[in-house]
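Good morning, and thank you for joining.

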Amino acid sequence: MAALLKKFDTDNARLVHLFATDTYFRDLCEDYGAALASLQAWLGRPDFAHQFRCMADEVEMEVEGILRTPTHK
């Protein structure tokens, strides 16, 4: 979650709300953290690192899509 808060710092309140209320979003946060950790672990192997960067990018795009969706009250 911390990495997404840093990446999308203008939407922190919405991210915190999503994390507290949406299991899918919590799973995305977990996937993002795992992708970033794996990316760091494999920096010495660019072919593997690239795969994990792509995974992180996909999660970022998914989160951007969620943030563009209007909230329902």
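I shall go through the overall fold, the helix contacts, the core and then the salt bridges.

A word on the source: this is a predicted model, in which local features need pLDDT of at least 70 and side-chain atom pairs count only at pLDDT 80 or more, while totals for chains, interfaces and linings use all residues. Residues are numbered from 1 along each chain as its sequence is written, and side-chain values use heavy atoms, with hydrogens and water left out.

Let me begin with the fold. The chain has four helices and zero strands, and its pattern along the sequence reads α-α-α-α. Helices here are DSSP runs of H or I with at least four residues, strands are runs of E with at least two, and both are numbered from the N terminus. The C-alpha trace spans about 45 × 20 × 20 Å along its principal axes. Of the 73 residues in the chain, 25% are buried; buried means under 20% relative accessible area, exposed means over 50%, and partly exposed lies in between, with a 1.4 Å probe and protein chains only. Among contacts with a separation of 6 or more, 55% join residues 24 or more positions apart, where contact means heavy atoms within 4.5 Å.

I turn to the helix pairs. How do H2 and H3 cross? Their axes come within 6 Å and cross at roughly 110°, which makes H2 roughly perpendicular to H3. Axes are lines fitted to C-alpha atoms, for helices over the stretch in contact, and the angles run from 0 to 180 degrees between N-to-C directions. Angles under 35 degrees count as roughly parallel, over 145 as roughly antiparallel, 65 to 115 as roughly perpendicular, and the rest as oblique. On the H2 side, the contact is made by Leu15, Leu18, Phe19, Ala20 and Thr21, and on the H3 side by Thr23, Phe25, Arg26 and Cys29. These residues divide into six nonpolar, two polar and one charged. In this scheme Ala, Val, Leu, Ile, Met, Phe, Trp, Tyr, Cys and Pro count as nonpolar, Asp, Glu, Lys and Arg as charged, and the others, Gly among them, as polar.

For H2 and H4, the axes come within 11 Å and cross at roughly 100°, so H2 is roughly perpendicular to H4 as well. Here Arg14, Leu15 and Leu18 of H2 meet Val63, Ile66 and Leu67 of H4. The division is five nonpolar, no polar and one charged.

Next, the core. The largest nonpolar core has 14 residues, and those with the most contacts inside it are Leu4, Phe8, Leu15, Phe25, Leu28, Val63 and Leu67. Helix H2 (12-21), helix H3 (23-41) and H4 each supply at least two residues of this core. Such a core is a set of buried Ala, Val, Leu, Ile, Met, Phe, Trp, Tyr and Cys residues joined through side-chain atoms within 4.5 Å. Leaving aside neighbours within four places in sequence, Leu4 is in contact with Leu15, Phe25, Cys29, Tyr32 and Val63.

Val59 lies in helix H4 and is buried, at 9% relative accessibility. With neighbours within four places in sequence set aside, Val59 is in contact with Leu28, Asp31 and Tyr32.

Finally, the charged side chains. Side chains of opposite charge can pair when their charged atoms come close. How many salt bridges does a search of the whole structure find? It finds four, a salt bridge being a side-chain nitrogen of Lys or Arg within 4 Å of a carboxyl oxygen of Asp or Glu. Lys7 and Glu60 form one of them, at 3.7 Å from N to O. Lys7 lies in helix H1 (residues 2-7) and Glu60 in helix H4 (residues 46-68), so this pair ties together parts that are 53 residues apart in sequence. Lys7 is partly exposed at 43%, whereas Glu60 is buried at 10%.

Glu60 also forms a salt bridge with Arg53, whose closest N and O atoms are 3.0 Å apart. Arg53 in turn forms a salt bridge with Asp57, at 2.8 Å between the closest N and O atoms. Arg53 and Asp57 both lie in helix H4, four residues apart, about one turn of the helix. Arg53 is partly exposed, at 28% relative accessibility, and Asp57 is partly exposed at 30%.
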